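Reader: Got a new one open here. Walk me through it, please.

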Amino acid sequence: MQEIQREALAKTLGKLKTGGFDYLKKITAVDYVSHIEAVYILYGTSSGKTEIVKVKLDPKDPSIESVIGIYKAADWYEREMAEMFGIKITGRKSKRLLLEKWNGSEPPLRKGFIWGNPNYKRL
């Protein structure tokens, strides 16, 4: 597992791909309130090894560079992160959404999201 700065994401994933991690299994994110973590799970089809790359993001500026140029499979995962966690993916040509237009103020998988009743208050 590697924890890197967001500026090093494309370079790190590019090196890992040429180093044998040729399959992008998943990109997801976790909201820890103090920060958001983008998680990239890679797999080497010839070695059978898995590598995990984590990038900490500031929840006030959750932006990260697109890696579609390295792994085409990143397209849907990046769109999911953008919609569900409010992470801005820079460098994407398509701004197409994955599911539907979101009109809420808070992305649904962020800790601050409140389901349904607008008068509901967290304990």
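Author: A term to start with: buried means under 20% relative accessible area, exposed means over 50%, and partly exposed is what lies in between (1.4 Å probe, protein chains only). This is a predicted model, where local features need pLDDT of at least 70 and side-chain atom pairs count only at pLDDT 80 or more, while totals for chains, interfaces and linings use all residues. Residues are numbered from 1 along each chain as its sequence is written, and side-chain values use heavy atoms, with hydrogens and water left out.

Reader: OK, so is Glu-83 buried or exposed?

Author: Glu-83 counts as buried because its relative accessible area is 9%. It belongs to helix α2. Helices here are DSSP runs of H or I with at least four residues, strands are E runs of at least two, and both are numbered from the N terminus.

Reader: Let's go to Asp-31. What does its side chain reach?

Author: The Asp-31 side chain reaches the backbone nitrogen of Val-33 at 2.8 Å. The backbone nitrogen of Lys-111 is also reached by the Asp-31 side chain, at 2.6 Å. Those are polar contacts: N or O pairs within 3.5 Å, one able to donate a hydrogen and the other to accept it within protein, with sequence neighbours counted only if both atoms are side-chain atoms.

Reader: Where is Asp-31, and is it buried or exposed?

Author: Asp-31 is in strand β2. Its relative accessibility is 8%, so Asp-31 counts as buried.

Reader: You mentioned Val-33. What's its phi?

Author: Phi of Val-33 is near 70°, which is positive in a residue other than glycine. Val-33 sits in the loop between β2 (23-31) and β3 (36-43). With a relative accessible area of 56%, Val-33 is exposed.

Reader: Another loop, then. Where does Asp-58 sit?

Author: Asp-58 is in the loop between β4 (50-57) and β5 (63-65). It is partly exposed, since its relative accessible area is 40%. A polar atom of the Asp-58 side chain lies 2.9 Å from the backbone nitrogen of Lys-60. As for C-alpha spacing, Asp-58 and Glu-37 are 8.8 Å apart, although 21 residues separate them along the chain.

Reader: Switching topic: which ring does the charged end of Lys-17 sit over?

Author: The charged end of Lys-17 sits over the ring of Tyr-71, 5.1 Å from the centre. For that label, NZ of Lys or CZ of Arg has to be within 6 Å of the ring centre and within 35 degrees of the ring normal. Likewise, Arg-79 lies over the face of Trp-76 at 5.5 Å from the ring centre.

Reader: How far apart are Lys-17 and Tyr-71 in sequence and in space?

Author: Lys-17 and Tyr-71 are 54 residues apart in sequence, with 8.5 Å from C-alpha to C-alpha. Lys-17 is part of helix α1, and it counts as partly exposed because its relative accessibility is 34%.

Reader: What about Lys-15, where is that?

Author: Lys-15 is in helix α1 too, which covers residues 9-18. Lys-15 is exposed, with 56% relative accessibility. Its C-alpha is 9.8 Å from that of Ile-70, 55 residues away in sequence.

Reader: Last topic, pockets. Which residues lie nearest the centre of the largest pocket?

Author: Ala-82, Ile-89, Arg-92, Ser-94 and Lys-95 lie nearest the centre, out of 13 lining residues. The elements giving two or more residues to that lining are α2 (74-85) and β6 (88-90). Helix α2 provides the largest share, 4 residues. A pocket is an open set of points on a 1 Å grid over the protein atoms alone, where a 1.4 Å probe fits, with protein on both sides within 12 Å along at least five of seven lines; lining residues have an atom within 4 Å of a point.

Reader: How many of the lining residues are charged?

Author: The lining has 7 charged residues, alongside 4 nonpolar and 2 polar ones. In that scheme Asp, Glu, Lys and Arg are charged, Ala, Val, Leu, Ile, Met, Phe, Trp, Tyr, Cys and Pro are nonpolar, and the others, Gly among them, are polar.
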